[in-house]
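Work through the exercises below with the sequence and the coordinates at hand. Each task is followed by a solution in steps.

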Amino acid sequence: MSVGFFWELVAKCPRTGARAGIWHTPHGRVETPRFMPVGTVGTVKGLTPAQVETTGAQMILANTYHLHLQPGESIVEKAGGLHGFMAWNQPILTDSGGFQVFSLSELRQITETGVKFRSPRDGRLIEITPERSIEIQNALGADVIMAFDECPPPGMGYEAVKASTERTYRWLERCITAHQRPDEQALFGIVQGGIYEDLRSNAARSLVALDLPGYAIGGVSVGEETALIHRVVEVTAPLLPEHKPRYLMGVGTYREMAKAIAAGIDLFDCVIPTRFGRHGAALVRGERWNLKNARFKEDFTPLDETCSCYTCAHFTRAYLNHLVKSGEMLGYIALSLHNIAELVRFTTDIRRSILDGSFADDYALWLEDAVDVTRS
């Protein structure tokens, strides 16, 4: 395991696989379970680092693919890495760019070597290999870096997913060899396998044998049915080491996080909080509210009286309704700030319940199978 990293298991739920832990990194600790805001291009959209910190966020994400295109990893490296470049002194995770390349289905070509694609910015031909992804992430300097993987799209047949999953493993081996900063950056492997339980199980066991600092479950937020996501997580999470952090990529809705925590997941990320905020929507105690609605026009109560974020402490629903309907930037900023604080609070409240031994009872309704209204 990387010298600068240590996973501490603090408590476990006696009736589920839920656990509370502490992930020690060179830039501080992350108390889990924890939601992590997404800062794709080196910024959590619309918010200053100081504002993000007030939400209780302890770790944020940035995107290798986007930062490679603009401004380029050499610029970030000259600025002292992402921490210095974006003025965020707590832990940072960079994804490998694999998911973004997956989304460029009309512009890319996948081979055993890596992926070639046309830049959506200027049309130039770019190739990202496992080695190149790690080289970029080494330069960006995040605390946690992700292995370059192939993310199979929903609906892909068994044999194709099997071949893709096996390629992801071979790419992981190349990532491990290419990694130049193991004492400063923890390399996480990603379990793929689509919706096929045997492929997921085999992939998990293969990755665990490599004794990496942490593990992620990928390819579960690309359009599958919710029930399938839950099943993949329930099958895969228990196969990952208890003494290492477990990260579910791209998931950040209430029910999906609660059920994943019950299966033993520790870390989550999703663009939902800021995306909803930019569209005038708020997450409030498990519901999604459209602040453009007329019912808020003369409602002079706080957005959420139980929330201590800046937005809820200072602004009324009527004011937020006015801002959003007026297209004012402050409205979108205020809602994004609250939404991040809400999902961080949801996971930190779950952490307290695990420590208290009450998780299975306190979150029983969230653990039932139902449609999550916050899914985008």
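The model is predicted: local features need pLDDT of at least 70, side-chain atom pairs count only at pLDDT 80 or more, and totals for chains, interfaces and linings use all residues. Residues are numbered from 1 along each chain as its sequence is written, and side-chain values use heavy atoms, without hydrogens and water.

**Exercise 1.** Describe how α6 packs against α7.

Solution. Helices (H or I, at least four residues) and strands (E, at least two) are DSSP runs, numbered from the N terminus. Axes are lines fitted to C-alpha atoms, for helices over the stretch in contact, and angles run from 0 to 180 degrees between N-to-C directions.
- Helix α6 spans residues 130-140 and helix α7 residues 158-178; their axes come within 8 Å and cross at roughly 40°.
- This angle makes α6 oblique to α7. Under 35 degrees counts as roughly parallel, over 145 as roughly antiparallel, 65 to 115 as roughly perpendicular and the rest as oblique.
- With contact meaning heavy atoms within 4.5 Å, P130, E131, I134 and N138 of α6 meet W171, R174, C175 and A178 of α7.

**Exercise 2.** Describe how α10 packs against α14.

Solution. 
- Helix α10 (residues 254-263) and helix α14 (residues 329-356) have axes 11 Å apart, at an angle of about 30°.
- The two helices, α10 and α14, are therefore roughly parallel to each other.
- From α10, Y254, M257, A258 and I261 meet E342, L343, F346, T347, I350 and I354 in α14.

**Exercise 3.** What is the strand order of the open sheet of 3 strands?

Solution. Two strands pair if DSSP finds at least two bridges between them.
- The order is β7-β8-β9, with antiparallel pairing.
- At the edges are β7 (108-110) and β9 (125-128), each of which pairs on one side only.
- On average, neighbouring strands of this sheet are turned by 15° against each other, direction ignored.
- Strand β8 (residues 115-118) is joined to β9 by 4 bridges.

**Exercise 4.** Which residues does the UniProt annotation "active site" cover?

Solution. 
- The annotation, from an unreviewed UniProt entry, covers D95 and D269. UniProt positions are given in the numbering used here, feature names are shortened, and annotations may be inferred rather than shown by experiment.
- The annotated residues are spread over 175 residues of sequence but cluster in space, the largest C-alpha distance being 10.8 Å.
- D95 belongs to strand β6 (residues 92-95).
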